[in-house]
Amino acid sequence: MKIAVLGTGYVGLSTGVCLSEIGHHVMCIDIDEQKINKLRQGISPIYEPGLESLLSKNNAAGTLQFTTSHQEGIKNAEIIIIAVGTPQGDDGSADLSFLVQAAKDISPLLKHDAIVVIKSTVPVGTNDLVKSIISSHTNTPFKMVSNPEFLRQGSAIKDTMKADRIIIGAEDSAAALKIKEMYRPLNVPILMTNVRSAEMIKYASNAFLATKISFINEVANLCEAVGANIIDVANGMGKDKRIGEAFLQAGIGYGGSCFPKDVKALLHTAGLHGVNFSLLKETIAINDAQQKLLFTKARIRLNQLKDKKIAMLGLSFKPETDDMREAPSIKIARLLSQEKAKVVAYDPVAKENARRILGDTIEYARSVDEAVENADAVFIVTEWSEFKQLDLSEVTKQMKQPIIFDGRNCFNEDQIRACSKIEYYPVGKPSIVIGLE
Ligand code: UGA
């Protein structure tokens with residue numbers, strides 16, 4: 001099939017690359033000329049495991065092309081997938097301006113009976129809005145399909161190729177069947193719904209997962225207070241199939257470009273319709289507090305943070321990505337800087353993106369060793385495998401004081417007990433102090 005994908009962010013690019021990989025002819029469109037030039041050379045503008053090899057392979061084969069021209073991209077497309085960003089607006093609602101612009105841009109260029117697919121995360125009713133915008137700009141008949149995306153950053157290709165499910169929301173059954181056919185080579189479960197249900201499935205899924213994280217984080221805080229161990233508790237809970245093991249990792253809260261904004265957007269939608277979804281307010285409040293957890297613990301332990309060297313290991317909102325959006329590291333770095341601590345951070349890939357946000361309020365190390373050298377405390381902020389493999393007895397020897405606040409529970413008790421001198425503060429587990437008065 002001939003497919004155009006509008007927007008080459010995480011969702012658009014991963015979708016375009018995967019659709020070309022399963023045999024379709026894909027034209028990716030983006031207004032960012034620099035990005036398109038890179039993509040044409042087979043270079044991915046984002047760090048995403050497995051993306052660049054599929055990108056260059058299909059690009060070289062001619063089945064995956066890139067353009068800044070809507071005219072060139074849309075004119076032959078049977079299916080146009082809109083995957084532009086829907087960032088958070090000032091009032092917590094989703095900002096639909098990119099989407100509205102995209103609808104206007106493609107309207108005059110649509111082929112007869114083209115199918116416009118909305119993959120961007122959009123509040124319930126947005127497909128209807130886009131339909132009316134396009135209809136007011138063209139007389140060419142077209143169909144609308146809602147097809148929300150569930151891929152995660154860091155595993156975008158795997159999540160797309162082996163999706164748990166694909167949701168197709170449509171009023172027109174022929175259009176729905178065509179999109180089903182487009183995905184057939186993936187051989188994954190496909191669920192057909194109406195448009196509004198499809199839109200709601202996306203928000204309800206993200207809000208549920210965010211709530212699961214806030215729930216387990218609050219249980220972790222309680223575990224600390226009562227002397228229980230969150231790893232065992234989550235394991236025991238997760239074995240119940242009704243609960244499930246996924247997304248029960250306690251830590252310093254969720255970040256990223258999706259959960260924070262989508263929970264707020266769903267709360268906003270609920271408010272507009274007179275539904276008091278107070279559970280989501282708690283999900284947000286717990287997450288805000290959890291992102292400050294390491295700072296709060298360090299202030300209690302170190303008392304005065306002024307002039308203390310804090311080594312921050314990890315900046316990105318999760319491992320395997322250089323994305324800094326809503327990363328807990330931002331909040332932590334700002335709180336530490338306010339207290340005049342000296343923050344030296346190391347991240348395997350997110351340094352440049354972090355610098356754009358935090359500037360020179362913190363220092364950026366080139367290695368773990370450089371960050372931890374003479375540090376008064378280490379904060380483990382992102383669970384990169386590089387950090388999980390660290391030998392803590394070596395790390396602590398380089399520090400001024402061997403104090404570790406582990407926000408992602410990267411180490412087990414045996415690894416800590418192998419150190420001759422350490423103060424180790426995990427999340428939701430008993431702290432361990434060895435070799436110190
Ligand atoms: C999330 C969803 O998982 C995807 O299904 C969805 O498609 C995507 O949002 C989106 O709407 O585009 P993503 O933001 O890439 O994906 O990352 P996740 O792996 O879900 O992690 C989100 C945050 O939750 C991270 O900060 C992570 O550290 C945190 N997390 C996750 C936990 O604290 N504990 C867990 O057990 C799992």
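Predicted model: local features only at pLDDT ≥ 70, side-chain atom pairs only at ≥ 80, totals over all residues.
Student: Where does Thr138 lie?

Tutor: Residues are numbered from 1 along each chain as its sequence is written, and side-chain values use heavy atoms, with hydrogens and water left out. Helices (H or I, at least four residues) and strands (E, at least two) are DSSP runs numbered from the N terminus. By that numbering, Thr138 is in the loop between helix 6 (126-135) and strand 6 (142-146).

Student: Is Thr138 buried or exposed?

Tutor: Buried means under 20% relative accessible area, exposed over 50%, and partly exposed in between (1.4 Å probe, protein chains only). With a relative accessible area of 12%, Thr138 is buried.

Student: What is the distance from a polar atom of the Thr138 side chain to the backbone nitrogen of Thr140?

Tutor: A polar contact is a pair of N or O atoms within 3.5 Å; within protein, one must be able to donate a hydrogen and the other to accept it, and residues adjacent in sequence count only if both atoms are side-chain atoms. The pair formed by the Thr138 side chain and the backbone nitrogen of Thr140 lies at 3.0 Å.

Student: Strand 6 holds Met144; which residues is Met144 in contact with, leaving aside neighbours within four places in sequence?

Tutor: Met144 counts as buried, because its relative accessibility is 8%. Val195 is 51 residues from Met144 in sequence, and their C-alpha atoms are 8.8 Å apart. Taking contact as heavy atoms within 4.5 Å, the partners of Met144 beyond those neighbours are Val116, Ile118, Asn127, Val130, Lys131, Ile134 and Ala170.

Student: How far apart are the C-alpha atoms of Ile157 and Cys18?

Tutor: Ile157 is in helix 7 (residues 156-161) and counts as buried at 10% relative accessibility. Beyond four places in sequence, its contacts are Ser14, Val17, Cys18, Pro49, Gly50, Leu51 and Leu54. Along the chain, Ile157 and Cys18 are 139 residues apart, yet their C-alpha atoms are separated by 7.1 Å.

Student: Which residues touch the most other members of the largest nonpolar core?

Tutor: A nonpolar core is a set of buried Ala, Val, Leu, Ile, Met, Phe, Trp, Tyr and Cys residues joined through side-chain atoms within 4.5 Å. In soluble globular proteins, nonpolar side chains tend to be buried together. The largest core here has 41 residues, and those touching the most other members are Met312, Leu315, Leu336 and Phe379.

Student: How many residues are in the other core, the one with Ile80?

Tutor: That core lies apart from the largest one. Its members include Leu110, Ala114 and Ala207 as well as Ile80, and they number 37.

Student: Which residues come nearest to the ligand?

Tutor: A residue is near a molecule or strand if one of its heavy atoms lies within 4 Å of it. There are 19 residues around the ligand, and the nearest are Phe150, Leu151, Gln153, Lys202 and Cys258.

Student: What percentage of the ligand's exposed area does the protein bury?

Tutor: Accessible areas come from the Shrake-Rupley method with a 1.4 Å probe; for residues, only the protein chains shown count as cover. Taken alone, the ligand exposes 710 Å², and the share buried by the protein is 91%.

Student: Which helix supplies the largest share of the shell around the ligand?

Tutor: Helix 9 (195-226) and helix 11 (259-272) each supply at least two shell residues. The largest share, 3 residues, comes from helix 9.

Student: Phi of Asn409 is positive; what value is it near?

Tutor: Asn409 is in the loop between strand 13 (403-406) and helix 19, and is buried with a relative accessible area of 14%. This residue is not a glycine, and its phi is near 45 degrees.
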